[in-house]
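This report concerns one protein structure, shown directly below. Please keep the sequence and the model in view while reading.

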Amino acid sequence: MTTSSGSGEAVYSARATAYGDGRNGHVTSDDDVLDLDLAVPEGMGGPGGDLTNPEQMFAAGYSACFHGALKRVGARAKADLTGSTVTGTVAMNRKGTGFGLSVRLQIAAPALAREQAEELVREAHQRCPYSNATRGNIPVELEVVDATPQGA
């Protein structure tokens, strides 16, 4: 089955393949840059350990994409985003008889006044492709924080 979202002309496509036992398997990108073993986290009844999982990869991708959008809108506004960070937390939540995801992005922009940082975060949320993909599908919380969240 092939589906098309009608999202316009692709400017870049990433391709990865999962092998083995799903969440306890392996994933590689077509260029072999991504080549990772996966493990179900302990919190979900798996072995955990030093292996990654889909939620960590989603948190990393969303954080990086959102930070890029923030930098772009900040550059247009001539805002000082020196030292800015975006920390993403992706949670697996029980949803009826299945599961669903939620996201929390904590944005630190230490060189900006809170009001300016909040305005830029709102604008970045409108432009970020991950935000556009998740909008209306899963809960996404945006929080401007005073410093890079510790242990997040």
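The model is predicted: local features need pLDDT of at least 70, side-chain atom pairs count only at pLDDT 80 or more, and totals for chains, interfaces and linings use all residues. Numbering starts from 1 along each chain as its sequence is written, and side-chain values use heavy atoms, with hydrogens and water left out.

**The largest pocket**

The largest pocket holds about 190 Å³ of space. A pocket is an open set of points on a 1 Å grid over the protein atoms alone, where a 1.4 Å probe fits, with protein on both sides within 12 Å along at least five of seven lines; lining residues have an atom within 4 Å of a point. The volume is the space filled by probe spheres set on the points, which are joined across faces, edges and corners. Among the lining residues are P41, M44, E55, Q56 and M92. By class, the lining comprises 6 nonpolar, 3 polar and 1 charged residues; Ala, Val, Leu, Ile, Met, Phe, Trp, Tyr, Cys and Pro count as nonpolar, Asp, Glu, Lys and Arg as charged, and the others, Gly among them, as polar. Both α1 (54–76) and β4 (85–95) supply at least two residues each. Helices (H or I, at least four residues) and strands (E, at least two) are DSSP runs, numbered from the N terminus.

**Helix α2**

Helix α2 (residues 114–127) has 14 residues and reaches 20 Å from its first C-alpha to its last, close to the 20 Å expected at 1.5 Å a residue; the expected span is 1.5 Å times one less than the number of residues. Its buried residues are A117, L120, V121, A124 and H125. Because they cover an arc of only 140 degrees around the axis, they lie on the same side of α2; the arc is that of the directions from the helix axis to the C-beta atoms. These buried residues pack against α1, β5 (98–108), α3 (129–134) and β6 (140–145). The face turned away from the buried side carries the exposed residues E115 and Q126.

Buried means under 20% relative accessible area, exposed over 50%, and partly exposed in between (1.4 Å probe, protein chains only).

| Residue | Relative accessible area | C-alpha separation from E141 |
|---|---|---|
| L51 | 34% | 27 Å |
| Q106 | 10% | 8.4 Å |

L51 is found in the loop between β3 (35–37) and α1. Beyond its neighbours within four places in sequence, L51 is in contact (heavy atoms within 4.5 Å) with D37, L38, A39 and Q56. Q106 belongs to strand β5.
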